[in-house]
Amino acid sequence: MADSPIIEARGLGTCFGQKKWVLRGLDLVVERGEVVALVGGSGSGKTTLLRHINGLMRPSEGSVRLFGQPLFSGDRLADRALRRRFGMLFQQGALFSALTVFQNVAFPMRELRLLDEDLIRDLVHLKLAQVELKASDAELMPSELSGGMIKRVGLARALALEPELLLLDEPTAGLDPDRSEAFVKLIKQLHAELGLTVVLVTHDLDTLAALAAHVAVLAERRILAYGPLDEIMQIDHPFINGFFGAQRSRIALERGRAVP
Amino acid sequence: MQPPRLSLSDEASAARVILSGTWTLAAISPCYARLSGELAAQNRGVDVGWDLDAIEHLDSVGASMLWRAWGGGFPADVALPDELRVVFERIRAAGQDGPVVRGRGWLDWLAGMGGLAEAFWRNLLGVLALLGRLVLDAGHLLRHPGDTPWREISANLYKAGARALPVTSLVAFLIGVVLSYLSALQLNRFGADVYIVNLLGIGIIRELGPVLVAVLVAGRSGSAMTAQLGVMRVTEEIDALATMGVSRSLRLVFPKVLALAIAMPLITAWTSAMALIGGMVAAQIQVDISYGFFIETLPKVVPVANVWIGLAKGLVFGFLIALLACHFGLQVKPNTESLSSNTTRSVVTAITVVILADAVFAIATRSIGID
């Protein structure tokens, strides 16, 4: 079990409509414990790839295996068990608006139907503490939260079932630089503490430099390059030059590295 | 992966609990009840030593279970590798500010009733305030006719009026048939067949037509208005309008109320006509009253005042339905639960208020239109 990669996508292809291929022949392998950033221009299929990895979309061709198991095995229980092994933080948080913060984080635990309420309460408060929220915030409704808090609660919910893999869609989008830096620190710390594998989609160079050990560049409908950030930056390709080349990005990268 | 295990060592010196295996959520959950029972049993002995060296993997679920079994603190005698200690330290840190638990009091039912009364009062004030805004808007439009939202009015007329015609005509025709069929059977016993025209004419035009339309329109257009305004509240579209200096009452509420107040009398006339046609068809089949006789007799036995009462009812009902729908739509809080409950509330309240208003009409017009 330890041998199989966390994510293994082979020959992935997505076709919208008749002949509009968004992804074609895409291969991606993510090993345990890595932090991988998916970058690419708008419309390059980053979101589509993420939706293949989290099992919201079935690829037109090829397959995705998580933890060595197929995402769509046809067996309901196996599929459900597999989906409980990763956590996803959506861009807008996607908190259940009718539930309080506490109920939002407790929801996946209650869905297991195995733990008792006392333990769930302890665990929810532990998760909230992990994402640096106060116990008094637990009774708030999602509509009463600020943008940064929504992300934190979303993260706490994603962590509720002790996932091995964490998927983050634009984790710092919509946060001011201060909060964004704090959030990056938090993710970094959780990664170190819990030994998670993290895959994130991001546009933000600060986030990228501070978090990601590996970068996967998505262009021309496939993973154009995959490797450590420094190697990626050496590659001569119009998109990579545009994304990393400018002076401002050098500055951002330096600043990102400085984040402890 | 070893399952979580708990065993006792039989050394003479002291009892020790030896934990081994994988203490993670995935491994624990299949045997959670058994494990927590065993843990609770172990802790009864006062001086139990705990040995965690053999644990392969521990996550916060496993650690929380142990922490709880230990009563929220490290036991005196514990063998704990450093990498596991970190997990417990996190729990200890989280436990600093205790969870807030709210209990249930025995007077909650009284508070619930008070809450209902308060909600009724608040809604009443809200509707009155909205009504006041509409009057102010109407005053503004009289002085500045250029601001009239013609487009919205016509769109609402089409959506709530024209699009409602098929369903109301179908329902009305069938009700007319049923009503005529049942009354014809009764009248036939007294040889009073011809009075079916009086019965249907007065009953449908004055009473049934307007109420039937009101119920259908409240369910159809009232709920749509509440949901539309509610979603606009959730997505902050109403706030966006306000920041552009567009009055929400003038642009969103006023056109809906005006359009429904115009459309409802027209739909009422149409629906009553359909119900009468249904009744006429059934009467011809059941008691052999010809179409010609029916049409000729109708204006003679139904004073024209009844038509005006029916149309006036339509106008008032339409106004009330749209006003309530908009009020409840604007009260939606930004969450899904509030949206659904307010839509339900809008329809139920609108139908109730329409029937109340109908009773008021019945009393106020008791001496008009009936020989």
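What follows is a guided tour, going from strands to helices to charged pairs.

Before we set off: this is a predicted model, where local features need pLDDT of at least 70 and side-chain atom pairs count only at pLDDT 80 or more, while totals for chains, interfaces and linings use all residues. Residues are numbered from 1 along each chain as its sequence is written, chains are lettered from A and ligands numbered from 1 in the order in which they are written, and side-chain values use heavy atoms, with hydrogens and water left out.

Let's begin with strand β1 of chain A, residues 7–16. (Strands are DSSP runs of E with at least two residues, helices are runs of H or I with at least four, and both are numbered from the N terminus.) Seven of the 10 residues in β1(A) are buried, so to speak mostly covered. Buried means under 20% relative accessible area, exposed means over 50%, and partly exposed is in between, using a 1.4 Å probe and protein chains only.

Who are the neighbours of this strand? β1(A) pairs with β2(A) in the antiparallel sense over seven bridges; two strands count as paired if DSSP finds at least two bridges between them. One place to look is A:Phe16, whose bridge partner in β2(A) is A:Lys20. The hairpin of these two strands has three residues between them, and A:Gly17 there takes a positive phi near 70°. β1(A) also runs antiparallel to β4(A), joined by five bridges, and here A:Ala9 has A:Val64 as its bridge partner.

Now hop to helix α3 of chain A, residues 101–112. Its buried residues include A:Val101, A:Phe102, A:Val105 and A:Leu112. What do the buried residues of α3(A) pack against? They pack against α4 (117–130) and α5 (147–158) of chain A, together with α1 (25–28) of chain B. Just past the helix, A:Arg113 takes a positive phi of about 60°.

A:Val101 turns up again as a contact of A:Asp137, along with A:Met149, leaving out residues up to four places away in sequence; contact means heavy atoms within 4.5 Å. A:Asp137 sits in the loop between α4 and α5 of chain A. It is buried yet has no salt bridge, and the nearest side chain of opposite charge, A:Lys134, is 4.3 Å away. Lys and Arg count as positive, Asp and Glu as negative, and His and the chain ends are not counted. A salt bridge needs a side-chain nitrogen of Lys or Arg within 4 Å of a carboxyl oxygen of Asp or Glu.

Over all chains, that rule gives 21 salt bridges. One of them joins A:Arg24 and A:Glu61 at 3.3 Å, N to O. This pair links distant parts of the chain, with A:Arg24 in β2 and A:Glu61 in β4 of chain A, 37 residues apart. In chain B, B:Glu152 and B:Arg251 meet at 3.8 Å, N to O. B:Glu152 lies in helix α6 and B:Arg251 in helix α10 of chain B, so the pair ties together parts 99 residues apart in sequence.

Last stop: chain B, where UniProt (an unreviewed entry) places "transmembrane region" features, including residues 257–285 and 305–326. UniProt positions follow the numbering used here, feature names are shortened, and annotations may be inferred rather than shown by experiment. Residues 257–285 of chain B are 100% helix and 0% strand, with end C-alpha atoms 42 Å apart. Residues 305–326 of chain B are also 100% helix and 0% strand, and their end C-alpha atoms lie 32 Å apart.
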